[in-house]
Amino acid sequence: MLLSRNNLNRFLAFWRHFSGANAIHLVLVIFGILLVWTLISHALENPDRYLPSPIAVALSSFDMVYEGLLPSYFGDTIGRLIVGSIFGLALGIPFGLILGINRTVADMFYPMMNFFQSISGIAIFPIVVVWFGNSDKTIFIVILYTSFFPIAFTVLSGVREIPMKYIHAVRTLGGSRFQIIRDVLLPGSLPHIATGSRLSIGFAWRAVIAGEMLAGREGLGWMIFTAQDVDRTSEVILGMLLIGLSWIILDHYLLRPFEADTIERWGLVQR
Amino acid sequence: MPAKLVIQDLTHHYPDEYTGESVHALEKINLKVEEGELVTVVGPSGCGKSTLLNILAGLLPYREGLVTVDGVKIEGPGSDRGVVFQEHAILPWRSVSKNIGHGLELRGAPVEERKQKVAAFIKLVGLEGFEDKYPHELSGGMKQRCAVARTLCADPVVMLMDEPFAAVDAQTRITLQEELNRIAIATKKTIIFITHAVDEAAFLGDRCFVFSARPGRLKAIVDINIAREKRIWSEMNVDKEFLSSRDEILRLVREEVNVAIEE
């Protein structure tokens, strides 16, 4: 998927973008931040502890790549994200659909969903640790829990937003209830499924980092948490940078294209 | 031969969406539509035209009176009554040909038959070359052509049309009216066409049912004795029969509009 033609075009467009004014602005901003960062770093008495310079951070990343730690942490974290959010989406999408289709079921479950939605993934962490200990299972459950609600709510409202005229049209063509679900409600809510998935994976990404810190499992989150204990501030900053950059790449090349393709192909947005 | 569609003593009330008060939409409607006839229903806004159409479509349950198609009471939607809605209700996630063949697909018609019929109706409504386009790539007029083809392709006994050309521009509208006339000749379908435009009602109808202001009653029936083959706008604009029918309908509708305003 990452190597599809669409993505290649997107990648080229991205680079062409770099020759434009926007790119110049972006480069200026990044350069400015690095400059201020470097200046502050040099002004400090003990920069290694409080704010290592960009170069120090870059050097520590070479070290960690060389030792093989960084790729392994990175792989662990991405792996957890994928497994956890796949389960979250696999449960959340059908659940949202059922609630959107059947008002009785929706009235039954909605208050509870709203209740649990307010309890963040971090807030359920302690009880999950009590049940499953500091294990990968604990992290998966927290990711699943975190990604479940955004997708379920988005799909639910997606089904409800499908204009009645489409349902009426298919009913008058002789469509059964099942055929209406298959031909109208499912495809009609696909753009919301795409948007909701992107939202859910975004939440899951935060949950996996927090989960690793609390459960003490190796990964990017764990890396920045433990680096702090041993005063390796450069690794803390490196970890933060990687978390942000990975999300931008994941979002730009995988999630946003998926969302845009679904929505644009059917012309469901006015542009 | 008995009439295709018969409405007997149809009275309808519904609760207002906001106030909850009972709205008296239709009062003792009695009318018959013969096989192969194209009738138009015209009346001031709020005269219950759309309520009537929804009842005929089976989308709105009714309690008082009786509505039958081929002698069978209408109870819920069915593929014997096809509807072309005011806003093109073709599905945005289906291509033109997939939309047109949808009715056949729903009843499990063989692929070969579907292909043939879809091709025939695409030709009939002049959408050749647009088979694989999606609705958002079509103009307003083309969307409505697609909607008409979709309804016809499911081969209903009666085609119900709810102000189908109200949302397109004036130029497109007269073209669509002439095309519908051509389709009526070609398919000999029984068509009930609801509109608020008097010109349109006179141009398309073999007969025109004029409804009164709320509660909707059948106020008058105007016969328009013009051969379908003669009905093109350039001729109708100077046709005595057409102009007198149109003026008659206009006079009847305006009486009702004035009543509605005075209330």
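The model is predicted. Chain A has 12 helices and 0 strands. Chain B contains an open sheet of 4 strands and an open sheet of 6 strands. The two chains touch: 21 residues of chain B are in contact with 15 residues of chain A.

**Chain A: overall layout**

- Read along the sequence, chain A runs α-α-α-α-α-α-α-α-α-α-α-α.
- The C-alpha trace of chain A spans about 75 × 55 × 30 Å along its principal axes.
- Chain A is split into domain 1 (1-43) and domain 2 (54-265).
- The centres of domain 1 and domain 2 of chain A, taken over C-alpha atoms, are 26 Å apart.

**Chain A: helix 10 against helix 11**

- Helix 10 of chain A covers residues 177-215, and helix 11 of chain A covers residues 220-229.
- Their axes come within 7 Å and cross at roughly 50°.
- That angle makes helix 10 of chain A oblique to helix 11 of chain A.
- The crossing of helix 10 and helix 11 of chain A is right-handed.
- Helix 10 of chain A brings V208(A), I209(A), A210(A), G211(A), E212(A) and M213(A) to the contact.
- Helix 11 of chain A meets them with L220(A), G221(A), W222(A) and F225(A).
- By type, the residues of this contact between helix 10 and helix 11 of chain A are 7 nonpolar, 2 polar and 1 charged.

**Chain B: two domains**

- Domain 1 of chain B is made of two stretches, 5-80 + 158-262, while domain 2 of chain B is 88-155.
- Between the centres of domain 1 and domain 2 of chain B, taken over C-alpha atoms, lie 25 Å.
- At their contact, 13 residues of domain 1 of chain B face 9 residues of domain 2 of chain B.
- Helix 6 (residues 170-187) of chain B gives the largest share of the domain 1 side, with 6 residues.
- That domain 1 side of chain B divides into 8 nonpolar, 4 polar and 1 charged.

**Chain B: the sheet of 4 strands**

- The strand order in this open sheet of chain B is 2-1-4-5, and the pairing is antiparallel.
- Strand 2 (22-33) and strand 5 (72-73) of chain B are the edges; each has a single partner strand, so one side of each has no neighbour in the sheet.
- Strand 1 (residues 5-15) and strand 4 (residues 64-69) of chain B run antiparallel and are joined by 5 bridges.
- In this pairing, T11(B) is opposite E64(B) in strand 4 of chain B.
- Helix 1 (residues 49-57) of chain B packs on this sheet and touches strand 1, strand 2 and strand 4 of chain B.
- The direction of helix 1 of chain B makes about 65° with that of strand 2 of chain B.
- V6(B) stands opposite T68(B) in strand 4 of chain B.
- T68(B) also has K73(B) as its bridge partner in strand 5 of chain B.
- Strand 4 and strand 5 of chain B pair antiparallel over 2 bridges.
- These two strands of chain B form a hairpin with 2 residues between them.
- D70(B), in the turn of that hairpin, has a positive phi of about 55°.

**Chain B: the sheet of 6 strands**

- This open sheet of chain B has the order 6-7-8-3-9-10, with mixed pairing.
- Strand 6 and strand 10 (218-223) of chain B are the edges; each has a single partner strand, so one side of each lacks a neighbour in the sheet.
- On average, neighbouring strands of this sheet are turned by 20° against each other, direction ignored.
- Strand 3 (residues 38-42) and strand 9 (residues 207-211) of chain B pair in the parallel sense over 4 bridges.
- V42(B) is opposite V210(B) in strand 9 of chain B.
- Helix 1 of chain B lies across strand 3, strand 6, strand 7 (158-162), strand 8 (190-195) and strand 9 of chain B.
- Helix 1 of chain B runs at about 150° to strand 7 of chain B.

**Where the chains meet**

- The contact between the chains involves 21 residues of chain B and 15 residues of chain A.
- On the chain B side, strand 6 (81-84) and helix 3 (102-106) are the elements that give two or more residues.
- The chain B side that touches chain A divides into 12 nonpolar, 6 polar and 3 charged residues.

Notes. Residues numbered from 1 in each chain as written. Chains lettered and ligands numbered in written order. Predicted model: local features only at pLDDT ≥ 70, side-chain atom pairs only at ≥ 80, totals over all residues. Axes fitted to C-alpha atoms, helices over the stretch in contact; angles between N-to-C directions. Parallel < 35°, antiparallel > 145°, perpendicular 65-115°, else oblique. Left-handed = near helix turned anticlockwise from the far one by under 90°. Contact = placed C-beta atoms within 7 Å. Nonpolar A, V, L, I, M, F, W, Y, C, P; charged D, E, K, R; others polar. Domains from an automatic or database assignment. Pairing = 2+ DSSP bridges.
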